[in-house]
Amino acid sequence: MKELMSGNEAVARGALEAGVRMAVGYPGTPSTEILETVAARYPTVYCQWSPNEKVAFEVGIGASIGGGRTLVTMKHVGLNVAADPFMTFAYTGVNAGLVFISADDPAMHSSQNEQDNRFFARFAQVPFLTPSDSAECRSMLLDGYELSEKFDTPVMLHMTTRISHSKGIVETQEPSEGPDLKFVKDPSKYVMIPSHARERHLVVEDRLARLKELAETSPLNVVENNGSRIGIITGGVSYQYSKEVAPDFDYFKIGLGYPLPMKKIADFVSKHDRVIVVEELEPFWEDMIKAEGIKVEGKKYLGVQGEFSPRRVAMALSEAGVLEREVPEASSVDLFPRPPVLCPGCPHRGAFMALRKLKVAVTGDIGCYTLGVLQPLNALDTCICMGASIGNAIGMEKVKGSERGTVAVIGDSTFFHSGITGLVDAVYNQSNVTVVILDNRATAMTGGQQHPSTGKTLMGHDAGVIDIETLCRALGIKNFRRLDAYDYDAALETIKEEIDKPGPSVILTTRPCVLMPKRIMEEPYVVDLDLCNGCSACFRISCPAIAAAEQTNKHGHPLAVIDETLCTGCTLCSQICPEEAIVLKSQFVKA
Amino acid sequence: MSDRNYSILIVGVGGQGVLLASELISAVAMEDGYDVKKSEVHGMSQRGGVVSSHVRIGKKVYSPTIEYGQADVVLAFEQAEGLRAIDWLKKDGVAIVSRTQLVPAIVTASKQFSYPDDPVGMMKARTDRVIAAEADKIAGELGNPRLVNTILLGALSHYLPFDEAQWLQAIKALVKPKFVDVNLTAFARGRELKLDAATV
């Protein structure tokens with residue numbers, strides 16, 4: 001059957017067809033929809049969110065050793081978190097096949113860096129496959145299980161944002177049961193004490209040699225001859241961009257991205273006058289090919305930053321002198337930016353308004369609340385990686401202190417992901433940090449996924465619930481407060497008081513995400529234009545529901561209006577309006 | 001089946017229904033036997049940022065994104081976003097733009113940025129092929145602001161190789177039953193929109 005699917009949906013479909021028994025991961029753009037699709041459309045496949053990628057990978061390893069085909073999903077930086085189990089699992093190998101997704105994010109559409117995770121496959125000496133469209137996401141996942149089981153290795157499926165989130169037509173097939181395997185005790189393979197691991201390292205080297213041989217004949221690497229003197233070596237979405245702008249060149253399309261078939265590549269290169277390697281981010285293939293003494297070009301025309309596009313590939317091939325094509329100048333339209341913002345009624349807003357007012361040092365974390373850094377909230381001072389806020393705050397406070405205090409802000413899902421150990425450090429080393437856990441009861445940034453305190457599993461079943469207060473108190477937090485972040489004065493007061501106390505404090509905000517599970521649509525607020533004096537205090541809280549009115553004050557500054565369809569009635573703007581011009585709609589009676 | 005490829009760039013602001021529009025176009029094209037690819041970026045774009053969706057239709061489509069300067073149609077749900085995307089249009093392409101104006105907080109709260117006075121006029125200064133419609137007002141008349149989507153698709157329908165019946169069938173298949181009739185009306189209203197007389 002033919003269906004239009006995103007790369008992520010196609011991977012989910014592939015999991016069903018491969019007979020996967022365990023699909024596990026942690027949400028992260030652009031990988032999130034893989035497990036969401038499994039849960040929504042293929043309920044016969046067991047799937048779960050784990051609290052972080054390391055645990056997810058460890059669950060996956062257990063499932064593979066236990067005898068069930070396994071899919072583990074994460075975004076690129078998630079593999080940093082999961083690197084510890086991954087690097088040693090490369091030694092033990094699998095029982096049932098294990099394929100894991102590394103969804104990279106060139107151009108950082110929704111990430112803190114654009115690391116190229118193909119290096120991770122080489123680092124661990126495991127193969128990776130690199131699909132170029134949705135159909136290949138499905139088919140290569142199935143190929144991945146064959147490879148995993150035949151070569152006793154975890155296999156990486158390397159995706160990027162454009163592969164994960166682009167849709168294309170996928171031909172689906174019937175689901176299979178997968179191989180019928182059982183757990184077999186084998187300590188020399190699975191217990192990595194030094195004496196066993198030394199033996200396994202030899203196995204890994206031998207496996208890599210055999211994979212190199214396979215690569216030379218694998219149908220995953222395709223040569224397309226069009227009779228051109230110009231050759232392109234490429235894979236992933238870069239293949240599509242190249243074909244779009246230069247369909248008549250000869251192509252070496254890489255599907256098995258590591259290890260490379262160097263003999264086949266040398267043969268391809270020898271038959272062409274010029275060969276350009278077209279790959280996003282680092283010169284991963286280019287450097288390996290050049291190291292074999294094979295003459296290719298690439299990065300000097302294409303660059304290492306950001307994602308490619310048909311235009312960028314066309315420009316590079318023109319610059320290389322192999323393609324004659326008119327490439328239009330970049331747009332000269334110069335417009336205001338439109339960055340993402342916190343939603344109207346977002347409960348994070350009140351906390352950030354208070355933190356900005358208090359002028360404290362604020363270490364941030366990964367989630368919707370990272371948006372608190374943008375104008376006009378300007379309320380964050382650091383953002384490094386998942387869970388980093390608490391450790392960052394401890395370090396900052398230990399070396400210099402902060403006259404006004406050091407505050408870490410972290411979301412609930414991020415706290416469970418990797419904030420707990422930071423809090424352990426704060427208690428252990430008696431740091432004077434104040435940790436604000438912005439608990440909106442969802443993994444909101446990625447679309448509101450469940451997590452260990454929401455009460456539901458990914459599959460929609462009732463779940464064990466971890467209570468954050470009980471957890472914090474058990475860790476030894478003595479100063480614990482709850483805060484309604486819609487109450488601006490309470491936010492100011494609570495944070496200030498906790499900053500002044502010695503030792504670590506935790507403040508737990510209590511309002512759920514406005515997008516889930518149901519909107520808190522109360523009565524909207526309106527601006528009384530007779531009272532509004534255009535001071536712009538409400539503009540500076542960065543609420544999308546507040547806009548400039550056509551009317552202006554005597555200085556020409558606009559008065560404010562509220563879009564009633566967007567206002568959630570959170571009351572924050574009304575609390576900070578010095579003229580008390582923002583009132584409930586029902587109270588706004590005009591003569 | 002048409003031998004040429006069609007590239008449609010749909011732009012707007014998070015929450016406006018850009019992705020729904022691209023789903024509907026893709027469904028019509030796929031039903032007609034075309035190869036289809038489309039691309040958009042999720043994640044932060046859902047939080048009031050710029051949303052764009054590239055739709056590509058043809059016998060065989062390679063890139064899921066449109067080559068800059070090669071869009072047959074730019075379909076804009078917001079006028080400043082239409083202006084931002086206007087140079088993606090190819091020479092004889094058509095821009096279809098809703099005169100909707102959404103001013104972000106970053107503009108209202110700062111003196112550094114301003115919203116252009118006449119984004120549609122600036123689009124027309126670059127190409128004489130602009131269809132500008134008060135789509136949000138028409139949607140309001142029909143009783144639902146979300147119909148901007150279907151109105152714009154009606155205007156778009158003249159520029160893609162599908163019959164009206166194919167569009168209507170897709171609307172019936174994809175829209176919830178109780179909203180089908182009003183969407184069909186919105187589509188018809190959109191089909192009445194033509195290139196602005198002053199600019200033809």
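How many helices and strands are there in chain A? I counted 21 helices and 22 strands there. I keep in mind that this is a predicted model.

**Entry: overall form of chain A**

I looked up the extent of chain A next. Its C-alpha atoms fill a box of roughly 85 × 65 × 50 Å along the principal axes. I then checked the radius of gyration, which is 27 Å. A compact globule of 591 residues would have a value near 25 Å, so the two agree.

I also looked at burial and contacts. Of the 591 residues in chain A, 53% are buried. Taking contacts between residues at least 6 apart in sequence, I found that 75% join residues at least 24 apart.

**Entry: domains of chain A**

I noted the division into domain 1 (2-217), domain 2 (222-319), domain 3 (348-509) and domain 4 (525-587). For one pair I looked up the separation: the centres of domain 2 and domain 4 of chain A, taken over C-alpha atoms, are 55 Å apart.

**Entry: helix α5 of chain B**

I turned to chain B and picked helix α5, residues 135-142. Which of its residues are buried? I listed Ala135(B), Asp136(B), Ile138(B) and Ala139(B). Seen down the axis of α5(B), the buried residues fall within an arc of 160°, so they line one face of the helix.

I then asked what covers the buried residues of α5(B). The cover includes the strands β5 (89-98) and β6 (130-133) and the helices α6 (148-156) and α8 (180-191), of chain B.

Technical notes:
Residues numbered from 1 in each chain as written. Chains lettered and ligands numbered in written order. Predicted model: local features only at pLDDT ≥ 70, side-chain atom pairs only at ≥ 80, totals over all residues. Helix = DSSP H or I, 4+ residues; strand = E, 2+ residues; numbered from the N terminus. Rg over C-alpha atoms; globule rule 2.2 N^0.38 Å. Buried ≥ 20, exposed ≤ 12 C-beta atoms within 10 Å, placed from the backbone. Contact = placed C-beta atoms within 7 Å. Domains from an automatic or database assignment. Arc of directions from axis to C-beta.
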